[in-house]
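Work through the exercises below with the model open. Each task is followed by its solution.

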Amino acid sequence: MTTRNELWQPKPPKTHSGEGVWQAIDERLGLSELTYPVPRHANTLAYSLGGISVIGFLVLIVSGILLAQYYAPVPQFANESVRAIMQGGLFERIVRGVHYWAAQVVVLAVLLHMLRVFFTASFKRPREANWVVGIGLLATTIGLFFTGTVLKWDQEGFEALEHNVAIGELLGGLGHWFAHAFAENVPILIRLYIAHISILPGLLLVLLAAHFWLVKRHGISARGARPATGYLLFSSHLKHLGKYGLILIGIVLALAVLLPPVVGPAPVEGIEVTKPPWMFLPLFAFENWIGVAGLLWVSVVSFLLLALVPFIDRSPELLPARRRAMIAAAIVVLLALAGLGLLAYLTPAAEHVGGLWHGLG
Amino acid sequence: MRGTMSRAVVLTALLVAGLASGVLAHKGKLPEDALTLVRQASALLAQNPAMTAEVKERLEAALKSKRPQGVDLPAVAAALRALNAKDTVGARRLLLAALTPAGTPTPRQSVRRAPAPTEPPSASIAPTTPEQPVPRPGDVVMSLGEPLRVGFARSTAETVILSIALALIGLGLTWLWRSSGEVQP
């Protein structure tokens, strides 16, 4: 026998008389269900880095769709089509410049966002799962950056792919997707293009949805040990992010005009003359040290350690001064990465996978 | 906290120094045919002239190759001599000549026969040049190209776009400054 409390009761429809368009839309789509109160500190730059990354992703999606109209993802014409974009109309050149610079800004913003979350201990209970989702987002972002680098099909991109194929061989069956034998009639470039425009963005959207949902569920974390003193409407937070978005768009547009990205020469297989993009430079030092296997194992160990952070640092302390061991470890890692990056920047390009023939076209 | 920081910095310096001392190149086997070796050497010279050791290694391998088809070996030897004399520009010119010997059969000449070229290969995309193999689907495009750098030309359109970009930055900063009071707890 069911009691009255156990019976599902439909909510009565909200009645709006003479409200604006927003209420009319909200009544039908329930968008206000997605909002939540936001503490004041969420509008600071440090706490807006996640939102800035999302705005950057939106810029990348729009510019990427436009770029796809001019890009030929086949080995014979890929480099030529990128050159044509840069030598053609101003519109195409600006779109590619915006895409390139927005990608740099997004990677930087995502990394800084992760550091902010780490140093403010925002990953602690009950937000451990969201930290892990965030690490997944970081990996997907790097995957998008990597595949984008390869798509240029210049010497730098080709060498990046050669490294990935070499890593795929180290992984055996797990790396089969990167082998020519996976689909002999389809060049890897086309498969990476598919990954860049559909597989990875799809994964990113799923992870972003999970990330947002968990942020809404747990709320934006407190700043330090101080409890939040006042909350703002979600719309206020969105407006504030919009201001950062204007600055971001202005910066990438200015960089696209002033510093258009270079297109390297069409690739020659079997040589290594370039160095990786800036975020991979520390890995380049490891590669110099222990070979291609270094790239694989350092990456795997790094991401595993990152994912384990909430399970290692389990104390309830939020202040850095009370988390000395974790903060010191993070500083060691950051300084080491900076040092290795600088070392790789100063070290001449060296051959690591030269002569490995993969049939990458 | 300061002591912890100091220890962290020292540990980092030791780690980086340790890695720096171990800098070694790791590479696989070189290809066996002279044509590929000389193409690689030429591309290396074009893109990173400092990598002379790698270039010499390939040229020496090309001279000893059992598959010398498609390459003018005397020109390769001359390029190697030029490289030893630190004349990288001359070496590159000689390598281009070594790759374009008039009337010399190429490995895939059965696929396409064409007259000898009068100019070096195109900078942007090479496979269409007569002396080089016709690219099959899946072939890696071989090119002796140069990077393409497009700069700010100060055209009217570019100036307008740049002005819009700066206006967006200014607008965003102004709005942020005006609402800075909302952020303070």
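Predicted model: local features only at pLDDT ≥ 70, side-chain atom pairs only at ≥ 80, totals over all residues.

Residues are numbered from 1 along each chain, and chains are lettered from A.

**Exercise 1.** Check the length of helix α5 of chain B, residues 88-99.

Solution. Helices are DSSP runs (H or I, at least four residues) numbered from the N terminus. The expected span is 1.5 Å times one less than the number of residues. For the 12 residues of α5(B) that gives 16 Å, and the end C-alpha atoms are 16 Å apart, so the two agree.

**Exercise 2.** Find the buried residues of α5(B) and what they pack against.

Solution. Buried means under 20% relative accessible area (1.4 Å probe, protein chains only). B:Gly90, B:Ala91, B:Arg92, B:Leu95, B:Leu96, B:Ala98 and B:Leu99 qualify. They pack against α2 (34-47), α3 (52-64) and α4 (73-84) of chain B.

**Exercise 3.** Describe how α4 (residues 90-119) and α5 of chain A pack.

Solution. Take the axes, lines fitted to C-alpha atoms over the stretch in contact, with angles from 0 to 180 degrees between N-to-C directions. The axes come within 10 Å and cross at roughly 160°. Therefore α4(A) is roughly antiparallel to α5(A) (over 145 degrees). Contact means heavy atoms within 4.5 Å. Among the contacting residues are A:Val107 and A:Leu111 of α4(A), and A:Ile135 and A:Leu138 of α5(A).

Note on methods. Heavy atoms only, no water. Helix = DSSP H or I, 4+ residues; strand = E, 2+ residues; numbered from the N terminus. Buried < 20%, exposed > 50% of the residue type's maximum accessible area, 1.4 Å probe, protein only. Parallel < 35°, antiparallel > 145°, perpendicular 65-115°, else oblique.
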